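This report describes a structural model and how its parts pack against one another. Please consult the sequence and coordinates shown below while reading.

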Amino acid sequence: MKTVLVVTLGAAIVNNVVLSQFLGLCPFLGVSKRIKTAAGMGGAVIFVMTLASLVCSIIDKFILKPANLEYLNTIVFILVIAALVQFVEMFLKKNVKSLYNALGVYLPLITTNCAVLGIAIKNAQTGYNILLSTLNGTFTAVGFAIAIVIMAGIREKIEFNDYPESFKGQASVLIAAGLMAIAFFGFSGLI
Amino acid sequence: MNKPLERLYNGIIKENPTFVLMLGMCPTLAVTTSAINGIGMGLSTTVVLALSNLLISILRKVITDRIRVPSFIVVVASFVTMVQFLLQAYVPAIYSALGIYIPLIVVNCIILGRAESYASKNPPIPSLFDGIGMGLGFTCSITIIGAVRELIGSGTVFGLHLIPIKDVAAGTHGYIPVSIVVLAPGAFFVLGIIMAIINRVKLNNIKKGRKVYDTSGCKESCFGCPHSMICLNSSSENKIINSNKANE
């Protein structure tokens, strides 16, 4: 129970995937203009990352480890993730229309999200079992969703502020992210 | 200027992946805690970029259009695995400092972006030099960022003490390192300020009527555009908003 709590809290808040590990920055900077799209992206990442961590840890445990092929994990994981995202997209389109309408457009963007591959490799390196890997994946993605929604909220506000022209666009977003990272530093005493 | 030289110039100055195209932001922020880490990451990426560009360019007539992205990923991932083992064997210090960001070179958008937009359409030799140029451009920029962060954050560059550091125990006066700059928030601040400086230069150039390289690069559609994820003008987000409207 204690391990579970440490893994979930650590993944979601203390070692926030965007603000302290720098994974998944592209969508964090690119799709955080509006709270609605940011929340959609967050939801899609939670969905894909949970599935991807589960599938990758199963493959790692039952195929790569017994065959002593751990060194192939980068190649195998990236292909599995790419295939999985395609498959999920097709499955949702055919069977779960409402979920597809909500998440569909974000799914192709997630294949290039380095956080998904990063977490799969991290799970394999840390040696988490299947349950812990899946939990780690889910709560890392929850941390991503928290960060991107807060960022979108900040950006909706600063849009109307008067700041130097040089800081328009990415620069102001990065400074705001830096301040958020300082705030998240406060959580580091939690575990 | 002949072709290979022109590609090198293009990668290092004209289309510098970090400062001009703004690609590959994750490693740029994550590993630039010191100049030496920046060089390590930059050179590893350069090797992968050059070799994968070369191989993809050789195979460009064999790989059909429909399976190109998975094939590119396999090529890149194989080279990344090789580089990972080489680093682990010969420079274990760099290997452990870069950690998880070495396997993540696979998803670095610079590499797939170059494969897609250059190597898959051009002959091997220019592609090789395009990879080397882009890689060296990336190396230079992240080494500069690393050096700046290391200098402000711990008062050293490449581990050399350039300015005297204040030491209370020894009673010496000097510079007090701002350690937040080498921590996570500092990465965002330093890059944010660098971007603002670049914007400033660009705005000046526009005012003076000079030609400015268009970072958005929106010539055709956003499909397959390496910038689509980070493009602030239109692309991904507007597409999402539009398709949301269509769904409603």
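At roughly what angle do the axes of helix H3 and helix H6 of chain B cross? In this predicted model, the axes of H3(B), residues 35–58, and H6(B), residues 109–119, cross at roughly 35° and come within 10 Å. The crossing of these two helices is right-handed. H3(B) takes part through Val48(B), Leu49(B), Ser52(B), Asn53(B), Ile56(B) and Ser57(B), while H6(B) contributes Ile110(B), Ile111(B), Arg114(B), Ala115(B) and Ala119(B).

**Contact between the chains**

Chain A supplies 42 residues to the contact with chain B, and chain B supplies 40 residues. On the side of chain B that touches chain A, at least two residues come from each of helix H2 (25–30), helix H4 (68–90), helix H8 (184–207) and helix H9 (235–247) of chain B. H8(B) gives the most to that side, with 12 residues.

The table lists residue classes for two sets of residues.

**Nonpolar core**

The largest nonpolar core comprises 114 residues. Those with the most contacts inside this core are Val45(A), Val48(A), Val116(A), Leu117(A), Ala120(A), Val76(B) and Val106(B). Helix H3 of chain A, residues 35–64, gives the most to the core, with 10 residues. Leaving aside residues up to four places away in sequence, Val48(A) touches Val85(A), Val88(A), Ile110(A) and Val116(A).

Terms used: Residues numbered from 1 in each chain as written. Chains lettered and ligands numbered in written order. Predicted model: local features only at pLDDT ≥ 70, side-chain atom pairs only at ≥ 80, totals over all residues. Contact = placed C-beta atoms within 7 Å. Helix = DSSP H or I, 4+ residues; strand = E, 2+ residues; numbered from the N terminus. Axes fitted to C-alpha atoms, helices over the stretch in contact; angles between N-to-C directions. Left-handed = near helix turned anticlockwise from the far one by under 90°. Core = buried A, V, L, I, M, F, W, Y, C linked by C-beta atoms within 7 Å. Buried ≥ 20, exposed ≤ 12 C-beta atoms within 10 Å, placed from the backbone.
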